[in-house]
Each structure stands twice: as C-alpha cells, then as structure tokens.
Amino acid sequence: MAKDRPVYMGPRLRRLRRELGLTQADMAADLEISASYVALLERNQRPLTADMLLRLARTYKLDMAEVAGDGGAEQTARLHAVLKDPMFADIDLPTLATGDVAVNYPGITEALLRLYTSYREEHLALADRGAGPEPQEDVADPVAESRRFLAARRNSFPLLDDAAEKLAIEAEAEGGLTGWLKARHNLRVRRLPGDVMAGSMRRLDRHRDAVLLDDTLDSASSQFQQALQIAYLEMRKPFDALLKDGQFSGESGRRLARRALASYGAAAILMPYTAFARAVEAKRYDVEALARQFGASFEQTAHRLTTLQKPGQERVPFFFLRVDPAGNVSKRLDGAGFPFARHGGSCPLWSVHRVFETPREVVTQWLELPDGQRYFSVARTVTAGGGGWGAPRVERAIALCCAAEHAHRLIYTQDAPAVEPTPIGVTCRLCHRAQCMARSAPPIGRDMLPDDYRRTRAPFGFADG
C-alpha cells in the first residue's frame, strides 16, 4: 500500500512560534521535545508527524485544520498558474522545483505572486492609456481602475470563496440566510414598499435591528441582497486585505472595487465554490439549469461562472459582457485574459447585440477574430427592475464566451451541427477586415483609398497590407 507523502511545514512552524513570541527552547519545553528537534523541523530536515500536529493543537489551543493547512497545495497551484505566463516560456521550471519553492519558502512565493499581480495591473493600465486613436490625458477613471483590479486577478478571489463556503454552511444550519442574520446578528429581514425604501433595494437599520428590502424584488434578487448584507458584515477583513494590494488613484475606484468584491462574496455564499464547481460539470454549464438549482438569476449564475479559476480547481474560463440596447457596455468580467476583454464588445456582428429581438432565448454563436482565434458565445437578454405595475424595467443582454478548445464541455454544443464561425473584430478601430459591411469606423493606421468605386459594399475603402 502506498504511503502518504511526508509533511514538511518548517516555515509555517517558525511563523507560528514567532507569532506566539516563543524561542525554540520555549516551544521545545512546551512540546516535551529537544530544541534541536524544533530547529530540524523548522529547517524542513524532519517531517511534521501526526503526533506532533496533535501536540501543537492541544498545547496552543489551535484548530487542527489551521495548523495542518493544505501542505502548501494552494500556494503551489497559484505559483504554477502564474508561471504559465508566456513571459516565462523560455525558462526551465520543473514542477517539483516549483512545489518545493512554494512549500519551503512561502514568504518568497507570496512576494512573487504580489509582484506578478502588480505587473498585471500596470500592464492593463498601460493598455487603457494607449487604447484610443489619439493620446489620452492621464485622468483617473474609477470604473477603469475597478475593472483593472478585477482583470489583474482574473476575477478570482479564493480568499473570498473560502470565507463564503464557511458562511454558507453556517446559513444552512440556521435554515437559510434569514435565519442566519437573526441568529448571528439579531437582524430581522423586513420587506417594505418601494416608496418607503426611497429608491433603495436594501438598507441596514441598526435602530430597529433589521435588514430592509424592497418588496418588489424577486426571490433571486432578495436572496442576493441578503447574501450581500452578510458579505458586508462578515468579509470586511478579506476585503481590506485584497484592496490593500490594489492600485487606486482615488477613493472612488477603491469603493467600486469593494462593491465588486462584496457582490463576488454574495454570489459565493449563494453558490459555494465546491458545490457549484461540481454542479457545473454535472450540468455541462447549462446556465438556466444551474440558476434553478441554486435559486439564482441567469445573470448571477453567468457572473459566477467567470470566477471558477481557483488554483487547482479551475473550470472553463469565461469572459462575461453585459450591454444595453444602445450597445453600451455596463459590465465586463474576464476570467481568462481574452483579447476583447479590455475594449471589445462593440462589434455588431456578435449575437449579443441581436438577442433583444428574441427576449429570454439563449442564442449561441461561433466567433473568429481577425488573427484566427476562435471562441464560442452564449447570449441572452435579462431584465432588471419591474416587480410591480408602473415599476421601471431595464432590458440588457449578457454574453458568456469561452475559447473554442473548451466549447465541447458545454451542453450548448451537444449534437449541434458544425457551422462556420462569424468573423468579428475587437472594435472597428482595431479590426482590419476590409469587406465588413457593418464597419462604423476605419481601422487605425491604414491608408484610405482615394475613391471607393471598387468597394461599393463596404462603408470604407482602405489599402490592404
């Protein structure tokens, strides 16, 4: 029978000893072992046995799971994910060596991960400044800063996923989110008319110990607002820790990023990572079926699908886009670093702009960018607001998009006939398809032809090459 791999936790043991304010001799006396043995353990020259783990937990009143941790598995997975960047392609990085660094030098590993995240944010900021056809003034844009913060981390925050899973378990034990709020914070959930709420969907009333919700909210929105309140109450420390590493020029960008993290946390409470990741494989990424299973809306479920990139437990990476009938992009989330994630979404040939003609119907489409990259898109309209006579409604369209190599895992491609992909561009100013009839602007850097008599079907004639 195969033996379990020895567990080496030297750096973690050293950190624990220092946090407790102990010398090696003090810890040795507490654990009834020699100081030299403590030194060997801290240098990873001896494995930490089960008996020693029990002694640590019993002596210092620690949670066994906290002491044992995951053996550096999460750090190793995160480091592996970072080292897949093409920038490191020419460096020989053996898997075992990467694992040894993550386990034996957690401080250096964390430093490398932070540096890489900062590099990603700066890279995206430079892309934003150089995206337009003309030089842009370096004016702080809080929305862009918030989007960069999410994109640099691939819209994946394992720290929030772990905290949310614990909260979901606690809520289930209390009979649901309403019961949890009452049991843990003595807060009742009350539903009030919209005129009383004065335009708010949710308010925390400390004087009456209540969470107030607009009574026009549907079931999915009501559950989400309760989960959002729980996220604000219970996840302040994780929010602060994550935002500390962000780069914001003003408070507005930071606040928008905090709101995004809170929404992430709320979705993670309603759709806990482990259970949701298992369900998406069982249902083959059927968004409507998943929404019914978890009592969420189509948009909430689609949003959650973009976050399933927890190191070591990754699922299909998606890009998410939400647009209004005028084509304005109101939400853009990227879980995979797609080329149109920064400035795309305006190509009229993409079905996300046509689904308003078939409300609530899921429309699929194969896409091909000018460089030959292919993707698969799932689009549908969603409705916000309403809930009563005369209540304003807003119709929007959302699209989920994944690389063609992952499309076979989606139920939407099951038994579907092979079709030629639709040629689209990131934006008209960056697309060089000469014959596109839907073009609204000529591409940057291409010379216009003196006349267009040979190109009557295209709105602009420009030189090839």
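1. A nonpolar core is a set of buried Ala, Val, Leu, Ile, Met, Phe, Trp, Tyr and Cys residues joined through side-chain atoms within 4.5 Å. Buried means under 20% relative accessible area, exposed over 50%, and partly exposed in between, with a 1.4 Å probe and protein chains only. In the largest such core, of 63 residues, F149 and L305 touch the most other members. Helix α15 supplies the largest share of this core, nine residues. Apart from it lies another core, of 17 residues, including L369, Y375, A379 and C401.

2. Basis. The model is predicted, so local features need pLDDT of at least 70 and side-chain atom pairs count only at pLDDT 80 or more, while totals for chains, interfaces and linings use all residues. Residues are numbered from 1 along each chain as its sequence is written, and side-chain values use heavy atoms, without hydrogens or water.

3. Overall make-up. The chain has 18 helices and nine strands. These are DSSP runs numbered from the N terminus: helices are H or I of at least four residues, strands E of at least two. Of the 465 residues, 43% count as buried.

4. Contacts of L305. Contact means heavy atoms within 4.5 Å. Neighbours within four places in sequence aside, L305 is in contact with F276, V280, Y285, V287, L290, V316, F318 and L400. Across the chain, 58% of contacts between residues at least 6 apart in sequence join residues at least 24 apart.

5. Second largest pocket. Its volume is about 1800 Å³. Of its 49 lining residues, M201, E299, R322, K331 and R396 are the closest to the centre. Elements giving two or more residues to the lining include α9 (142–152), α18 (298–305) and β8 (393–403). A pocket here is an open set of points on a 1 Å grid over the protein atoms alone, where a 1.4 Å probe fits, with protein on both sides within 12 Å along at least five of seven lines; lining residues have an atom within 4 Å of a point. Points are joined across faces, edges and corners, and the volume is the space filled by probe spheres set on them.

6. Backbone points to check. N155 is not a glycine, yet has a positive phi of about 50°. N155 sits in the loop between α9 and α10 (158–173) and is buried, at 2% relative accessibility. D209 also has a positive phi, near 50°. D209 lies between β2 (202–205) and β3 (210–214) and counts as partly exposed, at 34%.
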